There are 2 protein chains.
Amino acid sequence: MSDQPGAADEIMDGVYHALRAHGYAGLTMQDIADECSKSKSLLHYHYDTKEDLLVAFLDRVITDSENRIAAHADDPPAERLVGFIGWFVFDSGAVDREAFHIALLELRTQGPFNEPIRNQLARSDDLLRGTVVDILESGIEEGVFRDVDVGETAALLVATLDGARTRQITLSRGADAVDGDGSEGDGGDPEGSGPEPTYTRAVAEATLRRIVEPLLAEGAELPSLEAGIAAMAPVDESGSE
Amino acid sequence: MSDQPGAADEIMDGVYHALRAHGYAGLTMQDIADECSKSKSLLHYHYDTKEDLLVAFLDRVITDSENRIAAHADDPPAERLVGFIGWFVFDSGAVDREAFHIALLELRTQGPFNEPIRNQLARSDDLLRGTVVDILESGIEEGVFRDVDVGETAALLVATLDGARTRQITLSRGADAVDGDGSEGDGGDPEGSGPEPTYTRAVAEATLRRIVEPLLAEGAELPSLEAGIAAMAPVDESGSE
């Protein structure tokens, strides 16, 4: 791992852009070097192997998620839960985000064969499920949620949202889904009849109605999915994705 | 595509075993030829490229799923729905099944870049969601289920079960999870306190309680998850997996 934070940041940005552009399977140290304008030998000075670099990248991605979740730790539990669900929603034109998650999914397929990657995946799973458990426990304590099995609910929500994302990205046409003008984010509309909701959006709405609403205590209310999506969006996302 | 059904079956078995043993990314025509005791030139006679062969394999896998679903089309709707959910459940020692689904997951990451693969994935998605829609519509007609939004419910169930499977296989230790005696299927038990339920099993149980039970009409009952798992298991699975 680098002892120069500035260089490490630049290298991690390079991994991010290289993964989006090349995917995981065919990725080379040279691709990453090209994306961050570093020499391949500098990369090898900081990271012995491509695997070390990708594990450091996963570590960074999960740490970013931890920070994003922590920034909302004091929000009301119902807002936090809808924000968590909204975090997984994206429209069909979000090709950069799709490409990134396809590359992450490729990395995830290495879990059974690669212990350092598997350890990062387990850390991510603990983070996601632990976050939902924490939200539910706070909400139960505050009387917003009924007294439900929090571990079961957390596993159900994380599997559901992850599954919707996997189905959306693997069924997508990828970069071909971009509209003629090259813009992203409006979901495309070949039929002219308004875009179909994406898999992530349809499942997030269903999750709110079928799984989350029945958790609410008498009189408690949920914010809208749109409010949840907005709450968890990074400040710069509208520009870069 | 082969015009000799016998040879095609043998080649498809070869793809299955080669995918389990080598995964998708590094798979070669030679690996497949070795697994089915055919020559590489024979494979190329039937299939121009590795991609053609893998698309034919996906086609075969989905057709098998269609047949397995069709065999239960006349069962009562509540049994069919629990069978569908049970179909996704497996224990942590099922290393062959995990390896196969990891290879399929690798193939799925090619969806955005490869139209023939994407078309097969879309066909699989239509099959899975269409099956749930069909089960729910039958059940509503028979008065077993309440009159719910069947499309929304189908998307929710398929995302949930697929997500649980993806998390289970990517978080697994793969072949390292096999017990010392080499046997599979008992889930391993390093602590001696009974195995934790796997991700697929925990989520299937939660799905029944949280999503499916609220669909039931007054007085209707669900079979157990165990009955559902048994109903959809292939006759030879206990031996081969």
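Let me start in chain A, with helix α4 (residues 50–70) and helix α7 (residues 115–141), whose axes lie 9 Å apart at an angle of about 10 degrees. Angles under 35 degrees count as roughly parallel, so α4(A) is roughly parallel to α7(A). Keep in mind that this is a predicted model.

Which residues of α4(A) meet α7(A)? On the α4(A) side they are Glu51(A), Val55(A), Leu58(A), Asp59(A), Ile62(A), Thr63(A), Ser65(A), Glu66(A) and Ile69(A). Their partners in α7(A) include Pro116(A), Ile117(A), Arg123(A) and Leu127(A). Sorted by class, the contact of α4(A) with α7(A) has seven nonpolar, five polar and four charged residues.

Now to chain B. Here helix α7 (residues 115–141) packs on helix α8 (residues 150–171), at an angle of about 130 degrees and with 9 Å between the axes. That angle makes α7(B) oblique to α8(B). The crossing of these two helices, α7(B) and α8(B), is right-handed. From α7(B), the residues in the contact include Asp125(B), Leu128(B), Arg129(B) and Ile140(B). From α8(B), Val150(B), Thr153(B) and Leu157(B) are among them. The contact of α7(B) with α8(B) divides into ten nonpolar, two polar and three charged residues.

A second pair in chain B is helix α5 (residues 77–86) with helix α10 (residues 225–232): their axes come within 7 Å and cross at roughly 80 degrees. α5(B) and α10(B) are therefore roughly perpendicular to each other. Val82(B), Gly83(B), Phe84(B), Ile85(B) and Gly86(B) in α5(B) face a set in α10(B) made up of Leu225(B), Gly228(B), Ile229(B) and Met232(B), and the two sets are in contact.

Next, the two chains together. How many residues of chain B are in contact with chain A? There are 44, and they touch 44 residues of chain A. Between them, chain B and chain A bury about 3,600 Å², with 59% of that on carbon and sulfur atoms. Of the area that chain B buries against chain A, 20% comes from Glu152(B), Arg167(B) and Arg210(B), more than from any other three residues.

Eight salt bridges are counted between chain B and chain A, and the count over all chains comes to 30.

Glu10(A) forms a salt bridge with Lys38(A), and the closest N and O atoms are 2.5 Å apart. This pair links distant parts of the chain, 28 residues apart: Glu10(A) is in helix α1 (residues 5–22), while Lys38(A) is in the loop between α2 (29–36) and α3 (40–46).

That is where I will stop.

Definitions and conventions
Residues are numbered from 1 along each chain as its sequence is written. Chains are lettered from A and ligands numbered from 1 in the order in which they are written. This is a predicted model: local features need pLDDT of at least 70, side-chain atom pairs count only at pLDDT 80 or more; totals for chains, interfaces and linings use all residues. Side-chain values use heavy atoms; hydrogens and water are left out. Axes are lines fitted to C-alpha atoms, for helices over the stretch in contact, and angles run from 0 to 180 degrees between N-to-C directions. Helices (H or I, at least four residues) and strands (E, at least two) are DSSP runs, numbered from the N terminus. Angles under 35 degrees count as roughly parallel, over 145 as roughly antiparallel, 65 to 115 as roughly perpendicular and the rest as oblique. A crossing is left-handed if the near helix is turned anticlockwise from the far one by less than a right angle, and right-handed if clockwise. Contact means heavy atoms within 4.5 Å. Ala, Val, Leu, Ile, Met, Phe, Trp, Tyr, Cys and Pro count as nonpolar, Asp, Glu, Lys and Arg as charged, and the others, Gly among them, as polar. Buried area is the accessible area (1.4 Å probe) that two parts lose on being put together, summed over both. A salt bridge is a side-chain nitrogen of Lys or Arg within 4 Å of a carboxyl oxygen of Asp or Glu.
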